[in-house]
Amino acid sequence: MSEAPGLATALASRLRSLWGTDVEVTSLRRAAGGASRESWDVRIRTAGGAERRLILLRDSGGRERQPARNIAAEAAAMTAARAAGVPVPEVHDHGAGDQHCALGRAYLLAEYLDGETIPRRLLRDEAYAAVRPGLARRLGEVLARIHRVDPGQIPGLPEVDALGQLTGLYRDFAEPRPALEIGLRWLGAHRPPSAAPALVHGDFRTGNLMIGADGLRGVLDWELAHRGDPRQDLGWLCTKAWRFGATSPAGGFGSREDLMAGYAAGGGTPPDEPAQRWWELYGTLRWALLCRGQAERYLSGAEPSIELAVLGRRVCEQEYDILLALGYAAPLAVPDPLDQRDSQPVRPHDRPAGGELLRAVGEFLATEIGPVDPRLRFHARVAANALRIAEREALLGAEHARRHQARLAGLRCADDAALCAAIRDGSLDHRFDDVVAAVRAAVTDKLTVANPGHLALPG
């Protein structure tokens, strides 16, 4: 019945305490995705025979537990937004993850909403064709409702200085990344005047929206809710990463104009074009750092997750998008090196050669995992992608390293750290075109290995 009998027992006990009636957990299934925390599909039966379905969000065991005030603030933000007419799942319970926590780790238990969240289905399947044209405007209306909620009524809601948080996150990694330095420098120089602080969802994007054939059914994943500049949510929804290959800026669904029209109709004040551009670039840089942070959970040994590992190789997608947004790069068609490979055995070893074996395993993972747990199918696809990245790196890594060192030498920089320092202090501004060319070439090489198709996507 359940993948986690202990969790099912603890959950049933907690619900009996909350509702004052006998509760049986009839099914507990781990859902696919959820890089930041676990998601469980819960089915229960009460003493009277009524059946209900809930969703349990719980911190994964390998990460630091979320502070109590954040879980409580997340629940309070959802409740306040729901009261303001935002389609939000009803919160039934939450726990901070301390020694008194009913489920052992920080958690949030909410109403289950039926519908679809997977972006590739929402943006391409015929089942959602009728609702797609109106979604950008609808999302604008919903964002306006969120931003009209008084953040002062939400106890413990953190206040966030968006650019300060981003800069601090980058510095904490102590990992020099010239493309991010260029982006951070531009953000610092062009920051728009602050808007009045509001309740900010913090992760309002395709993938966190429950949608049915009748339209938007729910806004999910409020763990990053905070008090801040409401334009962050508008920029985040229009960040390129959340279009998932579609061309329409507002989450892949529609135009910025439709989004802003809905925002105005809902009572919001749309940002001007420069401010929106700033927040979209901010979103791209933020996603780069969030990908790097997710990968660190794998690299540190805290969580042996293939999904977290592969996220580290997505940072270069955002690096190229930063250059693209600033006019320092253009869409570029690059053939996939794997389409041109010729795997030869290294004697005395036999065939299949190493590259051919990698290809065989990748094809097995991508195509032959049958009707099993959807979470396993998802991770199998991620693993197949990881093998393709590793094979491209084996083919091209040595030449890319040689070219990178030559580019640094041409700028009289010993390494990436020296180049980042020069971008920061302006000491290479007299050769800024050369700096941009070197950074663009390095990011192009990284993407040729990690995801060559991304280079051709427009901004």
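**Contacts, burial and helix packing**

Modeller: Asp416 touches Pro176, Pro178, His404 and Leu408, when residues up to four places away in sequence are not counted; please keep in mind throughout that this is a predicted model.

Colleague: Where does Asp416 lie, and why does Asp416 count as partly exposed?

Modeller: Asp416 lies in helix H14. Its relative accessibility is 22%, and partly exposed covers the range between the cut-off for buried, under 20%, and that for exposed, over 50%, so Asp416 counts as partly exposed.

Colleague: What makes Val23 a buried residue, and which residues is Val23 in contact with?

Modeller: Val23, which lies in strand S1, residues 23–30, has a relative accessibility of 2%, and therefore counts as buried, since buried means under 20%. Leaving aside neighbours within four places in sequence, Val23 is in contact with Ala12, Leu15, Arg16, Ile44 and Arg45.

Colleague: How do you know that the length of helix H6 agrees with its number of residues?

Modeller: Helix H6 holds 12 residues, 178–189, and at 1.5 Å a residue these should span 16 Å, the expected span being 1.5 Å times one less than the number of residues. The end C-alpha atoms of H6 are 17 Å apart, which agrees.

Colleague: Why is H6 called mostly covered, and what covers its buried residues?

Modeller: H6 is called mostly covered because 9 of its 12 residues are buried, buried meaning a relative accessible area under 20%. Those buried residues are Pro178, Ala179, Leu180, Glu181, Ile182, Gly183, Leu184, Trp186 and Leu187, and what covers them includes helix H5 (162–173), helix H9 (273–299), helix H11 (315–325), helix H14 (416–425) and helix H15 (432–450).

Colleague: How do the axes of H5 and H6 cross, and what does that make H5 relative to H6?

Modeller: The axes of H5 and H6 come within 11 Å and cross at roughly 155°. That makes H5 roughly antiparallel to H6, because angles over 145 degrees count as roughly antiparallel. The crossing of H5 and H6 is left-handed. On the H5 side the contact is made by Leu163, Leu166, Thr167, Tyr170 and Arg171, and on the H6 side by Leu180, Glu181, Leu184, Leu187 and Gly188. By class, this contact of H5 with H6 has 6 nonpolar, 2 polar and 2 charged residues.

Colleague: Where is Phe244 placed, and what makes Phe244 partly exposed?

Modeller: Phe244 is placed in the loop between helix H7 (231–237) and helix H8 (256–265), and its phi, near 50°, is likewise a positive value in a residue other than glycine. Its relative accessible area is 28%, which falls between 20% and 50%, so Phe244 is partly exposed.

Colleague: Which form, cis or trans, does the peptide bond from Arg351 to Pro352 take, and where does Pro352 lie?

Modeller: The peptide bond from Arg351 to Pro352 is cis, with omega near 5°, whereas most peptide bonds are trans. Pro352 lies in the loop between H11 and helix H12 (354–367).

Definitions and conventions. Residues numbered from 1 in each chain as written. Predicted model: local features only at pLDDT ≥ 70, side-chain atom pairs only at ≥ 80, totals over all residues. Heavy atoms only, no water. Helix = DSSP H or I, 4+ residues; strand = E, 2+ residues; numbered from the N terminus. Buried < 20%, exposed > 50% of the residue type's maximum accessible area, 1.4 Å probe, protein only. Contact = heavy atoms within 4.5 Å. Axes fitted to C-alpha atoms, helices over the stretch in contact; angles between N-to-C directions. Parallel < 35°, antiparallel > 145°, perpendicular 65-115°, else oblique. Left-handed = near helix turned anticlockwise from the far one by under 90°. Nonpolar A, V, L, I, M, F, W, Y, C, P; charged D, E, K, R; others polar.
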